[in-house]
Amino acid sequence: MSNLPEVVNYLENTFQREIKALHIQDESAGYFAGFPAGLNSLLKQVLHRQGIQSLYSHQREAFEAISRGEDAVVVSRTASGKTLSFLLPILNEYMSATAPFGVLLLYPTKALSRDQEGTLGSLLRAAMANQKLGTFDGDTPREERRNIQRTADFVITNPDMLHSGILPNHNRSWKSFLARLRYIVVDEVHTYRGAFGSHVSNVFRRLVRTCEIHGSRPVFICSSATVGNPAEHVEALFHRPFRVIDQDGAPSPRRDVYFVNPPLMQSHGLTPYRKGPTSITIPLIRAASRQNVRTICFCRARQEVERLYRAVVDGHPELTTKVQPYRGGLLPNERRKLERAMFEGSLNTIITTNALELGIDIGDLDFCILTGHPGSVASFWQQAGRVGRKGKRAVVVFVARDTPIDQYLVNHPEFITSAPIEEAWLSADNPYIMLQHIPCAAHEHPLRAAEPAFQGQAYAMAVEVLTGDKTLVPYHDWYRYALADYPARGVNLRGMTDYNVEIYCDSTVIGEIDPIGARGSLYKDAIYQHLGQRYMSMDLDLDKKLCRVEKVNVDYFTEAVWENRIEMTGIEEEKSLRQAEIRFGYVHVNKQPKLYKKIRDRSYENIGYGPITLPAFEYDTTGFSLLPPPHWKSAVDAIDKRYMAAALYGMRYLLRHSAPSLCMADINDIETDVALKTESNAHQPAHGMQDIPASSIESWKSALYLYDAHEGGVGYAEKIFDKIEEALGLCRRIIDECECGTGCPSCVPPLPPGVEGEELEDLLIESNAAVACTHSLLLALLEGRVVSPEVRLLSRPRQQTGITSEVDEETAKLSERLKRASHILKDKRERLH
Amino acid sequence: MIRQSLLHLPGIGPKRAIALQQAGMDDWRLILTQPPPAKMGAGTWARVMTAVERCEQALAFNDLHFLVKTIAKRDHWRILAEYFDQASYFDIETSGLDYDSYITTIACYHKGNLHTFVRGRNLDDFLDLLDEVKLLVSFCGSTFDVPRIESAFHIPRIPCPHIDLRWVCYYEQLAGGLKLIEERMSIHRPPDLQGVDGHEAVLLWHLWENQGDRRALETLVRYCSADTISLKLITARLVTGNGCSLPEMPDIDKELPFNSIAMVSQAGPEAFQNPVMGAANPGDAPDHESEQSGESFDSKAFRRLQQSRHQRRETYPGF
């Protein structure tokens, strides 16, 4: 029996002052529709047996659209019967079809596809097709693979497997399946956005092309959580128009969303600090677990999950059987064990990352805690939507962290509750990404000069680039792949690295992590937490892809301090915002973990540090630099030379935390940095600067950088560059509305991270310089309020490009980007082989 | 000869084919002009006539793609008889039989010239040659050489029709591999190539690649070439053995055992298009006397070859 009201009472009484807002999402009864007339009687019986007497309106609408053979996207919340809405029409057709056809079901993660196999199985049994269902992913044993290739009509897989396992073998093992493929179901389509989405979009282009070769024209059916632009998004992903079904007919329970802000405390220092979210979440989780309320708590990072779990059970050993952490990086069987325990109810509380944001079935939940903003409004609702069951109230608690965007949200609940949901975007024609997929496509089947699947001029130009470096060679009317390797192997859809480092303790593998993550969290002496146990990294071998850890019992955790060095190696576009130069272009990044800090549990005291001796991680990407307006600069320089640096570091912190919300990016998708150049060395061109015309070097001084944290650049920085005024406006509002007045992590901390130099530190620590200077800079940028005529003389005249036509400029830009991307990829290939 | 191919015609199986033969109707032209024989309905006959018309058309236009695809495997030797002068014979060697092995050498006996292609030098040029080929003949090519070519060059299919001599031999009761068939036909290779087989070809390649052994590469190329010449000899014997006289037998003397130098000299030293061989220094060309080698086939080598072919069958389809 759930005692949710007791937990709510506890919440309201204990944290009366911390609760900033309560938003009540009303219950809705839902819209229902009868079974469609054409529904197979056998299926009808199964539905009746499962207690389903009618369909939700969106299910009915989807049934009709899919039965008409339209490409459709169903936009609805979690637990609104999405699976049924696409499976019912497909099964209905399958049962009356004269010859069995193929259905490809794509889920974004392996965990989700395994989970869905069970769900689909029960309906397929009704259609007597459960023998025809198979999951084909990296975990599928070899014998089973062949069986699936030969006999399965319903194949569950993920985009990565499609990319590297199915498409390259389309002419052999998958020929018959692809030839009779009629439906491609793409679940959770909103996850295919940004860099990942751009990759997946190209994989779909290849899929459509191979289907065409084998003579099939499959229909696409997608389901999506709420995003701002579902139609536009799926169209960008699949390059075809879709019918959007977004009238969600499922009933939703009442949801109370509490916005909680931990209190500001006066410390020994000069500035007040805000208590961490754990001051709220730990007692709440304990209370909920004791009351046996089914609870899910979302954290932002894997190690944060482990820390919170340790803190919750610390001193309360009886909770260890009821509360468990669940995150990516656990081994699949551990994850499944936890899912099952939660589903069966032997666990009642699970602490997790966004790994559980997607529809893995762990049973109904009643209480949800969000530690910090998950990065986007869409994600917020996706996580909040995990709780609630028919006719019962569900409670969501958002606990703000001490970061600008969290604080903005807790003070502006309307940003979450009524603002438009972000638009998901992707760019399939991103040169860097496209140049990786065209060789794969050519490897699968020679390319024609014009491919219907690859529309647009980018394709033709990319083929030209690839022919130039002999990756493709003309053959008859085609271009065939000329190299002997297996191009799909070198292309990773999910990031820069294509392998994982295995973490082992006493010859048992306990987890895995990507090599970039390993650099930042498994350096020698780092503390690694796994299911509540602490381990110390003894030996990280990036070449062997292994890391040995040993159990330790310590009361601290470690955090790496990175040093980034960046260089702008070429400029693509410039604009000026009230005389501030903003340049978008190519950036070379050198990321070096420098040292680690030991931080004590609970008190978060810094109790020591040590060096990290690992090679730097280097990559090329795209980003923009922002140079403060010269007149503002000279005005503040006249007062104190350090003010400008203070403003830049402040802006860096603010932008890093707030800008991702403008492009549905995660905070880890972008990086910001400050380069301080004194006047004297500003004239020496830095290494790699040869692309910048000599005239601009003089003005290339102290600047703020914002760039994509993905190799090749995938467009986040470009999006922010386009919306720069909006981004700066958001920064300004955050400062204006912060209650601290002297600077705090919620707006601009007095000592923003990354500051170097004693003089500057002295200034910042002892004053509110960071926030004040940042504010002044923002005013200059947004309103141009500091105007001094003599400054104008320093400003460089804008380059005139008015004569060349728009198209040529675009073409030149595209060709430049393709060249860059090709160069990066060649380097990468050399590294790999 | 090709007009006597009947087995591919609709409704005609071995029995009816024999019946037609006995009735003296075993020629497309007769089928088109004569009334249907007994026990054949008008409908069946009409379908047969349509099919024959299509074949005649293909023959008129030399549409070898259609003929190879349509005519039954058992009758493929008839295509070879008809188009003997247009056939090109080819063979490949690879670096092994694993999934990541690659093609090392290709030899193609085309229009009286021997063309060889070596990885790292001119392998890709084979595709240009392939565009000139009217009819490609190989041994075991349908499961090995041709798919290998297609996947190595990333092309969906080779541009020319292809006949696998293995099956042509099979229907002539000749099975057991190329070397065994050679033996039964008393075709003898030059002595220095007698022990070489598919397995040794792999070793030879590694000798060349790892140690730069030019002689190893030379032997490999000659071995590969010998296979293609052997294909032509076998084809000629099969065709003549079936009672067809070949229009011309320019380079093959039925009485003489296999003699590759004859072929090479026929083609001229420049036929060796491999830069390692001949072309650079014609005097370097393999110097072997036309020796009548009565030696029987190295049975060990033969068994090894058999084994490797067996392995190939096991590993190839799965990769």
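# Interface, salt bridges and cores

Reader: How many residue pairs are in polar contact between chain A and chain B, with both residues at pLDDT 80 or more?

Author: The model is predicted: local features need pLDDT of at least 70, side-chain atom pairs count only at pLDDT 80 or more, and totals for chains, interfaces and linings use all residues. Residues are numbered from 1 along each chain as its sequence is written, chains are lettered from A and ligands numbered from 1 in the order in which they are written, and side-chain values use heavy atoms, with hydrogens and water left out. A polar contact is a pair of N or O atoms within 3.5 Å; within protein, one must be able to donate a hydrogen and the other to accept it, and residues adjacent in sequence count only if both atoms are side-chain atoms. Between chain A and chain B the count of such residue pairs is four.

Reader: Which element gives the largest share of the side of chain A that touches chain B?

Author: Helices (H or I, at least four residues) and strands (E, at least two) are DSSP runs, numbered from the N terminus. The largest share, three residues, comes from β21(A).

Reader: How much area do chain A and chain B bury between them?

Author: Buried area is the accessible area (1.4 Å probe) that two parts lose on being put together, summed over both. Here 13 residues of chain A are in contact (heavy atoms within 4.5 Å) with eleven residues of chain B. Carbon and sulfur atoms account for 52% of the buried area, whose total is about 1100 Å².

Reader: How many residues apart in sequence are the parts tied together by D227(B) and R189(B)?

Author: The side chains of D227(B) and R189(B) meet in a salt bridge of 2.3 Å, N to O. D227(B) lies in helix α11 (residues 214-241) of chain B and R189(B) in the loop between α9 (178-184) and α10 (198-211), so the parts tied together are apart in sequence by 38 residues.

Reader: Are D227(B) and R189(B) buried or exposed?

Author: Buried means under 20% relative accessible area, exposed over 50%, and partly exposed in between (1.4 Å probe, protein chains only). D227(B) has a relative accessible area of 4%. R189(B) is at 4% relative accessibility, so D227(B) and R189(B) each count as buried.

Reader: How many residues does the largest nonpolar core have?

Author: A nonpolar core is a set of buried Ala, Val, Leu, Ile, Met, Phe, Trp, Tyr and Cys residues joined through side-chain atoms within 4.5 Å. In the largest, L105(A), F154(A), I296(A), I438(A) and F624(A) have the most contacts, and its residue count is 152.

Reader: What distance separates the C-alpha atoms of M664(A) and R193(A)?

Author: M664(A) sits in the loop between α21 (642-658) and β31 (670-675) of chain A, and at 3% relative accessibility it counts as buried. Among the residues that M664(A) touches are R193(A), V227(A) and S376(A). M664(A) and R193(A) are 471 residues apart along the chain, yet their C-alpha atoms are separated by 8.5 Å.

How values were computed
Salt bridge = Lys/Arg side-chain N within 4 Å of Asp/Glu carboxyl O. Lists of a residue's contacts leave out its neighbours within four places in sequence.
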